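Thanks for coming. Please have a look at the sequence and the model first.

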Amino acid sequence: MQHAVPSITVFKKYLHSKSKGDRIIYYNFRDKEKGWLHSDVKLITENGINYQCEKTKDSFFNGFICDLYLNNSCYDCKFSSIPRVGDITIGDFWKCPDSILDEKGVSIILSNNKKGDEILNSSVKRKKVKVYKSSIKECLKGNPRITNGKLKIRRERENFLKELNNSDFNYLEKKYINKLKRNVYDED
């Protein structure tokens, strides 16, 4: 389970702008050195460029979480429903109860069938996961994509995509991304 998949073209332009064309040796979209709730975007290049930014202040992350440049299928995802297609669904448990909050991260694990049950039970027995039962209602509070595949298409999206091929990321960032506000259903 995930929010959506961003445009690879936008991502490549973003990486090029942050690395200044230098070879990237490390990139993490949600580096948890400061904890799960306070993760950073982190990039390191071969020649010593070190970019680190709070995820909520990073322009690519902002455009992604604001649904500006997702793949077309993500705006009406046929897989965001119950019953789920896979054996197991895993994702971040945003808005989890305080009693299980952990700065290492808390995940939602949905077992979707008998095989999923077997995998999950085996993982618990081998102490690979620690399980706390929760209701689907509790899980949906910060994770509406479990059952809702609809995302609002931003009115800026069409113009952003028209300018994408002929513009560098810094231009697009200033013109479109920095002005975005998150949708009320977005949670990260």
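How many helices and strands does the protein chain have? There are six helices and five strands in the protein chain. Both kinds of element are DSSP runs numbered from the N terminus, where a helix is H or I with at least four residues and a strand is E with at least two.

Before going on, a word on the source. This is a predicted model, in which local features need pLDDT of at least 70 and side-chain atom pairs count only at pLDDT 80 or more, while totals for chains, interfaces and linings use all residues. Residues are numbered from 1 along each chain as its sequence is written, and side-chain values use heavy atoms, with hydrogens and water left out.

Read from the N terminus, the order of elements is α-β-β-β-α-β-β-α-α-α-α. Along the principal axes, the C-alpha atoms fill a box of roughly 50 × 35 × 30 Å. The protein chain has 188 residues, and 40% of them count as buried. Buried means under 20% relative accessible area, exposed means over 50%, and partly exposed is in between, with a 1.4 Å probe and protein chains only. Now take contacts, meaning heavy atoms within 4.5 Å. Among those between residues at least 6 apart in sequence, 65% join residues at least 24 apart.

Next, the sheet. In what order do the three strands of the open sheet come? The order is S1-S2-S3, and the pairing is antiparallel. Strand S1 (24–31) and strand S3 (50–54) are the edge strands, each pairing on one side only. Two strands pair if DSSP finds at least two bridges between them. Neighbouring strands here are turned by 5 degrees against each other on average, direction ignored; the axes are lines fitted to C-alpha atoms, for helices over the stretch in contact, and angles run from 0 to 180 degrees between N-to-C directions.

S1 and S2 run antiparallel and are joined by five bridges. On that side, Tyr-26 stands opposite Ile-44 in S2. Strand S2 (residues 40–45) is also joined to S3 by five bridges, again antiparallel. S2 and S3 form a hairpin with four residues between them, and Gly-48 in the turn has a positive phi of about 95 degrees. Five of the six residues of S2 are buried.

A salt bridge here is a side-chain nitrogen of Lys or Arg within 4 Å of a carboxyl oxygen of Asp or Glu. Side chains of opposite charge can pair when their charged atoms come close. Are the two partners buried or exposed? Lys-34 is exposed at 52% relative accessible area, whereas Asp-40 is buried at 2%.

The structure holds eight salt bridges, and I will show two others. Lys-150 pairs with Asp-76, the closest N and O atoms being 2.8 Å apart. This pair links distant parts of the chain, 74 residues apart: Lys-150 is in the loop between helix H4 (136–140) and helix H5 (157–164), and Asp-76 is in the loop between helix H2 (59–65) and strand S4 (88–92). Lys-150 is exposed at 52%, and Asp-76 is partly exposed at 47%.

Then there is Glu-163 with Lys-175, at 2.7 Å between the closest N and O atoms. Here Glu-163 in helix H5 is linked to Lys-175 in helix H6, twelve residues apart. Glu-163 is buried at 19%, while Lys-175 is partly exposed at 35%.

Which charged residue is buried yet has no salt bridge? Glu-173 is, and its nearest side chain of opposite charge, Lys-18, is 4.5 Å away. For charge, Lys and Arg count as positive and Asp and Glu as negative; His and the chain ends are not counted. Glu-173 is found in helix H6 (residues 169–175). Leaving aside neighbours within four places in sequence, Glu-173 is in contact with Lys-18, Ser-59 and Asn-178.

That is the end of the tour.
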